[in-house]
Amino acid sequence: GSDGGSDSGSGSGSGDGGGGEDLAITFIPKNLGNPYFDASQVGGESAAEEFGGTFEQVGPTEATPDSQVSFINTATQQQAGALVVSANDPEAIGSALEQARDIDIPVVTMDSDTNPEYRDVFVAQADAEGIAQAQVDLVAEQIGDEGEVAILSAAANATNQNEWIELMEAELEENHPDIELVDVVYGDDDDQKSFDETAALLQSNPDLAGIISPTTVGIAAAARYLSTSEFQGEVALTGLGTPNQMREYIEDGTVEAFALWNPEELGYLSAYAASALAAGDISGEEGDTFTAGDLGEYTVGADGVVVLGEPTVFDESNIDDFDF
Amino acid sequence: MSTTLSGPSTDGSATAPRTYADSARSPIARLLGTRDAAVLGLLLAVVVYAVAVVPNFDSELTVYFLVLDVAPILLIALPMTLVIVTGEIDLSVASIVAVTSVLFGVLTREGAPIALAAVLAVLAGALAGAVNGLLVTRLGLPSLAVTIGTLALYRGIAVGLLGTTAITDWPETWTDAVTATFGETQIPVIVVPLALAVVAFGLLLHFTSFGRGLFAIGLSSESARFSGVDVERTKLLAFVLTGLVSGVAGVYFTLRYGSSRGDNATGLELQVIAAVLLGGVSIFGGRGAIPGVLGGVLLIGVIGSALRLDGQSANVIQIVTGVLLVLSVVSAALLGWLSRRVRRRPPTAAEAAPPAVPTAGGM
Amino acid sequence: MPTTPGSTVPALRLAEVTKSFGSVVALRSGSLAVDAGSIHALVGENGAGKSTMVKIIAGLYRRDGGTVEFQGQEVDFRSTAEAKAAGIAVIYQEPTLFPDLSVTENLFMGRQPTNRWGRIDRRAMRAEAEAIFTRLGVDIDPDRPADGLSIADQQIIEIAKALSLDARVLVMDEPTAALSGNEVDRLMTVARTLRDAGCAVVFISHRFDEVFDLCDTITVMRDGAYVSTDAVADVTVDEIVRRLVGREVSDLYPKQHAEIGEVLLEVTGLTQPGLFTDIDLTVRAGEIVGLAGLVGAGRSEVAQAVFGVDPYAAGEVRVAGERVPPRDPVTAMDLGLALVPEDRRRHGLVLDAPIGRNITLATRGRLSRGGLLTSRRENATAKEWAARLEVKAAAMDTLAGTLSGGNQQKVVLAKWLSTAPKVLIIDEPTRGIDVGTKSEVHRLLSSLAADGMGILMISSELPEVLGMADRVVVLCEGRKTAELSRAEATPESVMTAATSTATGAGSGPGSTEMEHAS
Amino acid sequence: MTALDTPPAAGAASPSRGGSRLRNVLKARETGILLALLAFLAVTTAINPRFVFSTDGFRDLFLTPSILVVLAVGQAMVIITRNVDLSVGSILGLTAYLAGRLFLDTGLPILVVVLVAVLAGAVLGLVNGLLVAFARVPALVITLGTLYVYRGIYLQWAGSDRINASDIPDGLLSFGTSSLLGIPQLAIVSFVVLALAAYWMRTSRGGRELYAIGSDPAAATLYGLKDKQRILTAFAASGALAGLAGILYVSRYGTISSGVGLGIELEAVGAAVIGGVAIFGGSGTVVGAAIGAYLLTSIDRGLPILGIPDFWQRAVVGLLILGAIVLDKVLAERQHTKLLAERHRS
Ligand SMILES: Nc1ncnc2c1ncn2[C@@H]1O[C@H](COP(=O)(O)OP(=O)(O)OP(=O)(O)O)[C@@H](O)[C@H]1O
Ligand SMILES: Nc1ncnc2c1ncn2[C@@H]1O[C@H](COP(=O)(O)OP(=O)(O)OP(=O)(O)O)[C@@H](O)[C@H]1O
Ligand SMILES: [Mg+2]
Ligand SMILES: [Mg+2]
C-alpha cells in the first residue's frame, strides 16, 4: 500500500547514495547475537569493502518486528545508502520500509522476506521448494522413508520457516506416504526453549523416527539434547545448521547430514544486490541482471527474487571444508 | 463564647481571624523545585545536546518516528500513573496490548466490521483491567503478584488464540490513518489524540475529586477510607482505565505495524513503568504528576532515538534506561542522606527510615 | 533537677534531654534518675513526652541534646541492639511483634540460644519460653504465630521478652493499659521480684492506683519538660494531678446551654460478634452524648461501625430518620454523619498531604464545578475553616504531619465541620493535645451543640465525659451497661458501669484513669 | 487446572488436634503444592508412562527444573525479606557469558571459573542490595533498573558473539548431562543448594532474621536487628545463586547467546509465589519455592502430553500463579480468623 503520499516529497535530493562508491549499507538482521547473521554480516562486510562502500549492522536484541521497526526508522533518518533486512514479520515492518523507499533508499530483504510490495529485491538463500525438498529428502533417507517425524521450528510467526513447513508437509504427503508428520513445535530460536522442546517432543512421541529442524539454533540445540540422551543414533536429526555448530554432532554420530546455504555468501550477495539497486543497475524487475563480485552474475526472478543457489548438504565427508 | 461555627461569618472573638498563604514558597520556587521541572529540564538538555551533536537528529523525521514510537508507551503511562499513585502496580499492560491486538485481528478475520472489532478489543482490554482490579480490591491480593500472574495469562491467551499465524491484511485506510501526517509536514496526526489523552488524564489526576482520592489513597489508604474515599472503587477504576487504554494501544499497535500477533509489545510493561518512575511518580504511591510522566516518556524516547541515530546498539539504550531509572529513585535518597550528613547529629536507623518508625506514642 | 534518693550512682540518669521532630518539640527538657532496686513511676498527660524519652533510652531515637548516663557512664546508643546489649529492656507502648513468626521466635529474635555449632537450639529456646510463661503465670502456646494475639497477650509477650533479657534497667511504657485485673496483679508481682533482685524499673501509667501501689518514686512531666520527683510516700494524688495538668482542672469544661431537639442519630441493636453486642444509642440535636468505658471496651469499634468504615453483623443506624447502609461511609457522610477518629495519624489525616487538601478531602466532591476541582477553590474553603479553628500554620501547603498534635486535631475537625454534619462522632477529642488547645476544643464542641448539632463523644478521660456530656452511655466489654443522665453521672456510677459485666471479668474497679482521682 | 488447587486446601483443612508435628506437616503450605505436583505427575504419567518411566523422562524430571530451582531459592530468600529481585535473569546471562569467555580466553580450571561466576553474581546482587538497603528505595524499581543495566552490559560486551558447545570444556558439558546413581548431577547441585539454604534459613539467626524483617520491618528496627546487613545478605545470595545458575546453564545447554536468561526472573518469582512464599514477605520456605519451580517446569514439559498445545502454556502458568496467590490468601485469612476465634474462646 502507499503511505498517504504526504511525505513523498521530503526525500527528494537525498537519494544520492547511488553508485558503488561510498554507499552506506545498513544490515538489519532479525536479531543480534545470532550466529547465522554474524556469518551474513561477514559476507556483507567483505562485499562492501570490495565495492568501496561502508557497512553497518544494527538491530534489536529480540527478534520482534516492533523493535526492528525502530532500527529501520533510524536508518531512514540517517538516509542510509541502502537497507538489507531480514524480516521478523512480512507485514509489520512494511510501512517502515516504505518510508525508507519514499526517500529513495533501496531496500533488499534477505533470508526472510516481507510482502513483495515493501522491498525492491529479495535475496533468497535458495528457493523455498528447494529447501523444503532438501530437508525432506535428507530425513527420508535417514529413516528409511517410513515412520514418524516432527519439526522443531523457530518462532511460530517466522515467515520463511512457516513457508518451508507448508511445503514440506505437501512434499511428504505427495511423495512419502509412509512418513507421518506428528508434531510441529517452536523453539523461538532460543537455545533453552529449543532444547526443552526437543526433550518434550521425544517424550510425547515415543515412536519418533526423525526430527527436522529448519533453523540453525533449533538444530544445534536438538543435536545437543540428542547427543546426551538415550535416543542418540536412534532418532534421526536433520535440517538447516551451520557447520561450526554441528561439527561435533556429525563427529559423534548424533547427526548424519544436514543442509544449509552459505550465509556468508547470502550476505555478500545481498550487499551486491543493494549496491546494484543504489547504482540504478537494476530496479528489481524480472530479468534484471547484476554481477555479485566473486559469485558471478545473478538474474532477478519473478516477484523480484534473487536466488543464491541450491543448499549445500554437509556430512562427515565435507564438513571440515567449511568454517562458518 | 457563643460563636457560630457553622455560619460563614468570622469568629466573634476580639482578635482578627488568622490568614494563610496558599504556599510557603514563592511561585517560582514551587515551579522549579519539582521533580517534573527536573525531568523536563533534563529532557530539554538531552534534546539540545542531541540536536547539536547527533547527526540527523534535527530532522523532521525524528519527530515523526519519535511520536509513533512513544505513542503506546505514553498512552499506557497515563493510566499507569493513576495506578502507581494509589500505591499499586500493573505489570500486565503489555500482555493486554498483545491480547487485544490478537482479538482485534481474530474478530476482523472472522468478518466483524473493523470499527466494531476495535471497540470490542478495547472493551476486552477494560475487562482484563477489571480482572486485575477485582483481584486486587475484592480479594485484597498484592497487585505485584496478581499482575505477574495475569502478565503470563493474558500473553498466553494472545499466543494461544493465534498460534502460528499473524493477521496482516488490514485495510489501508485504517493503517494509513495511524501513520498519517498533517499535509506536507512530518507531524503525525496522532499527536492530536495523544495530546487530548495527556490533557484528559492531567485533568483527571490533578483537577478532579477522583484524582484527589487517588493521591489520598496512595499516601494513606486508611485515612482516605475514613474521609469518604471509596478506596476499592477508585483503585478498581484505575485498573480498568489502564486495561482500557492498553486496549487502545493494542489497536494502535496492530494498525501501526499492520500485524496482529501474539508477541506484540513484548517487554513494553517495563518501558512504561520505567518512564512513569523516571517522570517522578513514587512507587510508594501518593506522589507524581502528569507533566513529569510526559517528560519521562519523551526522555526515554529521545534518548533511544538519539542513541540509535548515533549508531549505538539496543544494548547501550538499555543500559542508559536502567541507569536513569536507578538514579531517578536513588537521587532523592542520596540528597536526603547528604542533607542529613550536614546536620550535627546523625540519626539512628529508625529515624532515617520514616516508614519504619512506628506511629508516635499516645495512642 | 531530679532529686536522687540514696547516695549511690543511679542506674539510669537523664538530664535535660531534648528531642524535636521537625517543628514538633516532643521533649524540651527531660530529666529522670532511677536507682537500682527501685520502681520509678513516670507520669504525665498524653503527649507529655514520656514515650519519646523511653525511645531515647532504648536507642530508637537519638537525643538532640542533654545527657544520658547508664550506671554512671555517659552513653549514646545508636540502635536498640546497643541498648539491649548494655542491659536495658524496654516494653514499648505499642506492642511490636512479627505476626508471621511463632511466639517463641518473637521472644528470642536476634539473640536466639545457639548450640555449639552456632545453630539455633530450638529445644532450649522453647523450654526457656515455657519457663518464662510459667513464671508469668500465663497460658500462651509458644508455637502459635503471633498473628491474632489479643493486645493483652501481645503485651504479655513484650513483658516476657524484657524478662528473658535479664536486664538491669527495665522500662515499661503503659504496660497495663490493655491488661485485665489479674494480669495486672501478676505483672506487679513480677516487677517487685525484679526490683528485689536489684533491677531498676521505670513504670509509666495513667492509673494512679497502680502507681501508688507499686512504685517507690514518682516523676512528673508536663509539655516535654521535667516537673518534679518525689518519694511516693511524700505526695498525694491531688498534688500530682495539679502538677501534671499545670492549672486548676475546673477551668476545663465550659459547658454551654443548648436546646435539645429531635433525634438525629438512632442506633439499634448494633452487633458485631467478638467486638460489641446489641448496642442502642440515640443522639438528639443540641445534645452531647458521652460514650464512656475502659480502654478496650469497644467504643471505637461502635463508632466506626456506625460511620460505616467497619462492618457490623446486625442492627441498624438511622440519621434524621434515614437509614444509613452498612459499610458505606460515603453515603453516611451524605446523610450528615461525621467521624473524627481516635487515631489521628493513621485514620484522621493524610500526614504527607498539605493541610489544605486534608481539610477539603471530605468535601472535594461538593467543591467541584463541572466535575473540575482547583487548588484555588480548595484553598479558599480550607483557609476559611483553618481560620475559624485557629489552626497555627503559615500556608495551606504545609504538610499535615509537621503540625503539632493539637493543630492536627484542629485540621481533622475542620475537615469534618466543613461537611456541615448533622451528627458529629468524635473519638478521644483531646488525646495528645496540650491543655490550652484542650479547652478550645471543649468550647468548640459546646458551641457546635448549641447550634443544634448532635455530638457523640468518646473519651477515656472521665472528667471530660462528666464535664461535657448531657447524657453518658457506658460500655463494658462491648455491651451497653448503663445510660446516665448528666445528673446521674458521677465518677462512681460511670466506673461501676464500666467495670460491671455479667461475666465479672475485666479490670478491677480500682483501675480508673488518672483523672478519676482528681 | 482447577484440579491442582484442591489438594492444598484439603491438606490444610485437616482439623486433627493432637500430633502437632504431623499436623504441622499437613498444614504446611508446601505439602499442598507438593501434592499438586505429584498429582500432575501422576496424571501425565498415566497418559504417557514415558513421562517418568523412561531413562530420559526420569532424568529430565530432575534435570530440567534444576536451574529454576537454584534461582527460586535465591528469589525466595529475597522475597521473604519483603523485597524482590528482578535482575536474576540478567545476572544469569552475564555470568554465563563471563564463564564462557573465561573458558575461551583463559585456561582456568573449571572449578575456578565456577567460583568466579558465583562471585561475580554475588557482587552484582550486592549492588542491588546496597541500593535497596541504603538508598531505601523499593527493590522492584532498583532491580528493574539493574535488569536493564546488567543485560545491557552483557549484550554490549558480547556483541553478536556467541559461545558454542565446542568452546566449553567437556568436563563441564558432561557434568551437565551425566548422572550419579541415576540422579542427574545438576539436580544434585540444586538439591545441595536447596538443602544448605533451607538449613541456614531454619537454624541460623541470620535466616530467621530474614523472616523477621519481612514480617514487620518496623518491628525489626525496634528489635535492633541488623536489617541492612541481612538485606544485603539476601540479595548477595540471590545474585550468587543466579551466578551458579549461569554456570548450570552453560553446563546444560552448552551455547550462550544473547537470549540467555531472558524473562526467567518472572518464572523465579512465580515459582516462589506458587510455592507459598508470600509476596509481602515474612512467610514461606525455600523448599516451597523449589517445589514451585518443579511444578512450573513439569507443567511446561507435561502440557503437550496432556494434549494442550504449546501456545497455551503461558496462559496455564498464569492461571497457576493466580490460583496460588488466591489460595494463599484464603488460607491465610482462614488461619487468621481461626486464631482470632481461638482467642475469643479463651
Ligand atoms: N515521630 C514523631 N514525629 C513527630 N512528632 C512526634 C513523634 N513522636 C512523638 N511526637 C510528638 O511528641 C509529643 C510527645 O509524644 P510522646 O509519645 O512522647 O507522649 P507520651 O507522653 O508518651 O503520651 P501518651 O501518654 O499519650 O503515650 C507529642 O506531641 C507527639 O505528637
Ligand atoms: N489491632 C487489634 N488487634 C486485635 N484486637 C484489637 C485490635 N484493636 C482493638 N482490639 C480489640 O478490640 C476491642 C475494642 O478495642 P478498642 O480499642 O476499640 O476499644 P475502645 O473502647 O475504643 O478503647 P480506647 O479507649 O482504646 O479507644 C478490645 O478487645 C481490643 O483488645
Ligand atoms: Mg506514650
Ligand atoms: Mg478507642
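How much space lies in the second largest cavity? The answer is about 180 Å³. Notes on this predicted model follow.

1. Ground rules. The model is predicted: local features need pLDDT of at least 70, side-chain atom pairs count only at pLDDT 80 or more, and totals for chains, interfaces and linings use all residues. Residues are numbered from 1 along each chain as its sequence is written, chains are lettered from A and ligands numbered from 1 in the order in which they are written, and side-chain values use heavy atoms, with hydrogens and water left out.

2. Cavities. The search of the whole structure finds 14 cavities of 30 Å³ or more. A cavity is a set of points, on a 1 Å grid over the protein atoms alone, where a 1.4 Å probe fits but cannot get out; lining residues have an atom within 4 Å of a point. Points are joined across faces, edges and corners, and a volume is the space filled by probe spheres set on them.

3. The second largest cavity. Its lining has 17 residues, and nearest the centre lie C:Lys84, C:Val90, C:Tyr92, C:Lys161 and C:Leu165. Two or more lining residues come from each of helix H2 (80-86), S6 and helix H5 (151-164) of chain C, and from H12 of chain D. Helices (H or I, at least four residues) and strands (E, at least two) are DSSP runs, numbered from the N terminus. By class, the lining has 12 nonpolar, one polar and four charged residues. Here Ala, Val, Leu, Ile, Met, Phe, Trp, Tyr, Cys and Pro count as nonpolar, Asp, Glu, Lys and Arg as charged, and the others, Gly among them, as polar.

4. The second largest pocket. A pocket is an open set with protein on both sides within 12 Å along at least five of seven lines. This one has a volume of about 730 Å³. Of its 35 lining residues, A:Pro90, A:Thr159, A:Asn160, A:Asn162 and A:Glu163 are closest to the centre. H5(A) gives the largest share, eight residues. The lining counts 15 nonpolar, 11 polar and nine charged residues.

5. Contact means heavy atoms within 4.5 Å. Five pairs of chains touch, and chains B and C have the most contacts among them. Chains A and C do not touch; their nearest C-alpha atoms are 38 Å apart. Over all chains there are 21 aromatic pairs. Rings of Phe, Tyr and Trp (its six-membered ring) pair if their centres lie within 6.5 Å; planes under 30 degrees apart count as stacked, over 60 as edge-to-face and the rest as tilted. C:Phe98 and D:Tyr223 are a tilted pair, 4.7 Å centre to centre with 40 degrees between the planes. C:Phe98 sits in the loop between strand S6 (88-91) and helix H3 (103-108) of chain C, and D:Tyr223 in helix H12 (residues 217-223) of chain D, so the pair joins two chains.

6. A four-stranded sheet. In chain C, an open antiparallel sheet has the order S12-S11-S14-S15. Two strands pair if DSSP finds at least two bridges between them. The edge strands are S12 (276-284) and S15 (322-323) of chain C. S14(C) and S15(C) share two bridges. C:Arg318 has C:Arg323 as its bridge partner.

7. A six-stranded sheet. Chain C also has an open, mixed sheet in the order S16-S17-S18-S13-S19-S20. S16 (337-340) and S20 (479-485) of chain C each have a single partner strand, so one side of each is left without a neighbour in the sheet. S13(C) and S18(C) run parallel, joined by four bridges. C:Ile288 has C:Ile455 as its bridge partner in S18(C). Helix H18 (residues 491-499) of chain C packs on the sheet, at about 30 degrees to S19(C). Axes are lines fitted to C-alpha atoms, for helices over the stretch in contact, and angles run from 0 to 180 degrees between N-to-C directions.
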